[in-house]
Amino acid sequence: LQARAAAQELRLGQQEERLHGLEMERRRLHNLVQELKGNIRVFCRVRPVLPEEEERQKGLEHLHFPPQDNKVLVLSRPEESHVGRERRGDVRYDFSFDRVFPPTASQQEIFEEIALLVQVRGETPC
């Protein structure tokens, strides 16, 4: 029985060493991915219009989320003359981010995107 316990202790020690080595490799690879993607990443999340805001504004008609590119947000507004009587078309502003989440994005979708970036005491969240 003592020989078996000693063998189990030895095996446990070997497994702990292996686990430590694998954790160090995971951290190294995580840091490498961070470096390759850039250490600073900027995300944009547009929240849905709240019910009390719907009366004051006409929704999010001034924001456009190109379906083919989830890294771009387009803001447009009507351009009026200085007199304010004639409309000249829309002024368009293009913004680029590492990722844009439209108002329809779920918490799960956002978490999946950032889960690998977030570490708590060296561990990735579940």
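Biologist: Let's start with a side chain I clicked on: is Arg-28 buried, partly exposed or exposed?

Modeller: Arg-28 counts as partly exposed, because its relative accessibility is 47%. For that label, buried means under 20% relative accessible area, exposed means over 50%, and partly exposed is what falls in between, with a 1.4 Å probe and protein chains only. Before we go on, this is a predicted model: local features need pLDDT of at least 70, side-chain atom pairs count only at pLDDT 80 or more, and totals for chains, interfaces and linings use all residues. Residues are numbered from 1 along each chain as its sequence is written, and side-chain values use heavy atoms, with hydrogens and water left out.

Biologist: Good to know. Which side chain does Arg-28 meet in a salt bridge?

Modeller: Glu-25, at 2.8 Å from N to O. A salt bridge here is a side-chain nitrogen of Lys or Arg within 4 Å of a carboxyl oxygen of Asp or Glu. Both residues lie in helix α1, three residues apart, about one turn of the helix. Glu-25 counts as partly exposed, at 35% relative accessibility.

Biologist: Why would two side chains like that pair up at all?

Modeller: In general, side chains of opposite charge can pair when their charged atoms come close.

Biologist: How many salt bridges does the structure hold?

Modeller: Seven. One of them joins Asp-94 and Arg-92, with the closest N and O atoms 3.0 Å apart. Asp-94 is partly exposed at 45%, while Arg-92 counts as exposed at 56%. Another is between Glu-113 and Arg-99, where the closest N and O atoms are 3.1 Å apart. Glu-113 is in helix α3 (residues 107–114) and Arg-99 is in strand β5, so that pair ties together parts 14 residues apart in sequence.

Biologist: And is Arg-99 buried or exposed?

Modeller: Arg-99 is buried, with a relative accessible area of 12%.

Biologist: How much of the chain is buried?

Modeller: Buried residues make up 18% of the 126 residues.

Biologist: Which residues form the largest nonpolar core?

Modeller: There are five: Cys-44, Val-46, Leu-63, Leu-73 and Val-100. A nonpolar core is a set of buried Ala, Val, Leu, Ile, Met, Phe, Trp, Tyr and Cys residues joined through side-chain atoms within 4.5 Å. As a general point, nonpolar side chains tend to be buried together in soluble globular proteins.

Biologist: What does Cys-44 touch, beyond its neighbours within four places in sequence?

Modeller: Cys-44 is in contact with Leu-73, Phe-97, Arg-99, Val-100 and Phe-101, where contact means heavy atoms within 4.5 Å.

Biologist: On to rings. How many aromatic pairs does a search of the whole structure find?

Modeller: One. Phe-43 and Phe-101 make a tilted pair, 6.2 Å centre to centre with 45° between the planes. Rings of Phe, Tyr and Trp (its six-membered ring) pair if their centres lie within 6.5 Å; planes under 30 degrees apart count as stacked, over 60 as edge-to-face, and the rest as tilted. The pair links distant parts of the chain, with Phe-43 in strand β1 (residues 43–45) and Phe-101 in strand β5 (residues 99–101), 58 residues apart.

Biologist: Are those two buried or exposed?

Modeller: Phe-101 counts as buried, at 1% relative accessibility. Phe-43 counts as partly exposed, at 27%.

Biologist: Last one: what does Arg-77 contact, leaving aside its neighbours within four places in sequence?

Modeller: Gly-89, Asp-90, Val-91 and Tyr-93. Arg-77 lies in strand β3 (residues 72–80) and is partly exposed at 42%. Arg-77 and Arg-92 are 15 residues apart in sequence, and their C-alpha atoms are 6.8 Å apart in space.

Methods. Helices (H or I, at least four residues) and strands (E, at least two) are DSSP runs, numbered from the N terminus.
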